[in-house]
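Please read this report with the sequence and the coordinates at hand.

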Amino acid sequence: MKRAIFPGSFDPITLGHYDIIKRGISLFDELIIAIGVNTDKKYMFSLEERIKFVSEAFNDESSISVVSYQGLTVDFAKEMDAEFILRGLRNPADFEFEKAIAHTNRRLSDIETVFLLTSSGKSYISSSIVRDVIKNGGDYSLLVPDSVKV
Ligand code: ADP
């Protein structure tokens, strides 16, 4: 049984996340979408909204579950009995950032980080761009799954 967590803020979930999750389903028996709660971070959407947007987007996927977590991602992965952390890579900046985190996580645990490259056409999408579009009244629906409603 291969179980992975896909950790992130999902503030809100975007078509970039959606793409990585859909492709992750074929790699793992179970994929747990782990929505981080960081008390130092200010979110646009509440935890309940972030969970709802993600859960509704994957209603009919039985191998996917959605949970929230606090603290170290590797500790949470161990708690969930997951051997893998799934992350998406958009560009060289993501790679440098993710490399340092993956090396650190590997020092702290046996958990392997698995990276998927973003699909072409999705690499420009980020939650922060979506939040900007929303704040300025733009058509955010082009960038997020249908479950995201403001
Ligand atoms: P974090 O706060 O941990 O960066 P995010 O919700 O922004 O959380 O991202 C979670 C994961 O999704 C990260 O691995 C990130 O690289 C990946 N991701 C975000 N947007 C995209 C995208 N457009 N294509 C591929 N992966 C993405």
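**The chain as a whole**

The model is predicted, and its local features are considered only where pLDDT is at least 70. The protein chain holds five helices and five strands, and these elements follow one another along the sequence in the pattern β-α-β-α-β-α-β-α-β-α. Along the principal axes, the C-alpha trace spans about 45 × 35 × 35 Å.Of the 150 residues, 43% are buried, and among the contacts with a sequence separation of 6 or more, 78% join residues 24 or more positions apart. The chain exposes about 8,400 Å², of which carbon and sulfur atoms supply 51%. As for charge, the mean positions of the 18 positive and 22 negative charges lie 4 Å apart.

**Helix α4 and Asn105**

Helix α4 covers residues 92-108, and its 17 residues reach 24 Å from the first C-alpha to the last, close to the 24 Å expected at 1.5 Å a residue. Which residues of α4 are buried? They are Asp94, Glu98, Ala102 and Asn105. An α-helix has 3.6 residues a turn, so residues three or four places apart point the same way. The buried residues of α4 pack against helix α3 (73-79) and against the strands β4 (84-89) and β5 (112-117).

Asn105, which lies in helix α4, counts as buried because its relative accessible area is 11%, and the cut-off for burial is under 20%. When neighbours within four places in sequence are left aside, Asn105 is in contact with Val74 and Ile85.

**Backbone features in the loops**

Most residues other than glycine have a negative phi, and most peptide bonds are trans. Against that background, the loop between β1 (3-8) and α1 (15-25) deserves a look, for Pro12 is found there, and the peptide bond from Asp11 to Pro12 is cis, with omega near 0°. Phe10 has its place in the loop between β1 and α1, and its phi is near 50°, a positive value in a residue other than glycine. Asp81, which lies in the loop between α3 and β4, likewise has a positive phi, near 65°.

Is Phe10 buried or exposed? Phe10 counts as buried, because its relative accessibility is 2%. Asp81 is exposed, with a relative accessible area of 58%, a value that lies over the 50% cut-off for exposure.

**Ile13 and Pro145**

Ile13 is found in the loop between β1 and α1 and counts as buried because its relative accessibility is 0%. Which residues does Ile13 touch, not counting those up to four places away in sequence? They are Ile21, Phe53, Val54, Phe58, Val144, Pro145 and Val148. Ile13 and Gly88 are 75 residues apart in sequence, and their C-alpha atoms are 13 Å apart in space.

Pro145, one of the residues that Ile13 touches, has its place in the segment after α5 (127-135). Pro145 counts as buried because its relative accessibility is 8%. Leaving aside neighbours within four places in sequence, Pro145 is in contact with Ile13, Thr14, Leu15, Tyr18 and Ala57.

| Residue | Relative accessible area | Class |
|---|---|---|
| Phe10 | 2% | buried |
| Ile13 | 0% | buried |
| Asp81 | 58% | exposed |
| Asn105 | 11% | buried |
| Pro145 | 8% | buried |

How values were computed. Residues are numbered from 1 along each chain as its sequence is written. This is a predicted model: local features need pLDDT of at least 70, side-chain atom pairs count only at pLDDT 80 or more; totals for chains, interfaces and linings use all residues. Side-chain values use heavy atoms; hydrogens and water are left out. Helices (H or I, at least four residues) and strands (E, at least two) are DSSP runs, numbered from the N terminus. Buried means under 20% relative accessible area, exposed over 50%, partly exposed in between (1.4 Å probe, protein chains only). Contact means heavy atoms within 4.5 Å. Accessible areas come from the Shrake-Rupley method with a 1.4 Å probe; for residues, only the protein chains shown count as cover. Lys and Arg count as positive and Asp and Glu as negative; His and the chain ends are not counted. The place of a charge is taken as NZ of Lys, CZ of Arg, CG of Asp or CD of Glu. The expected span of a helix is 1.5 Å times one less than its number of residues.
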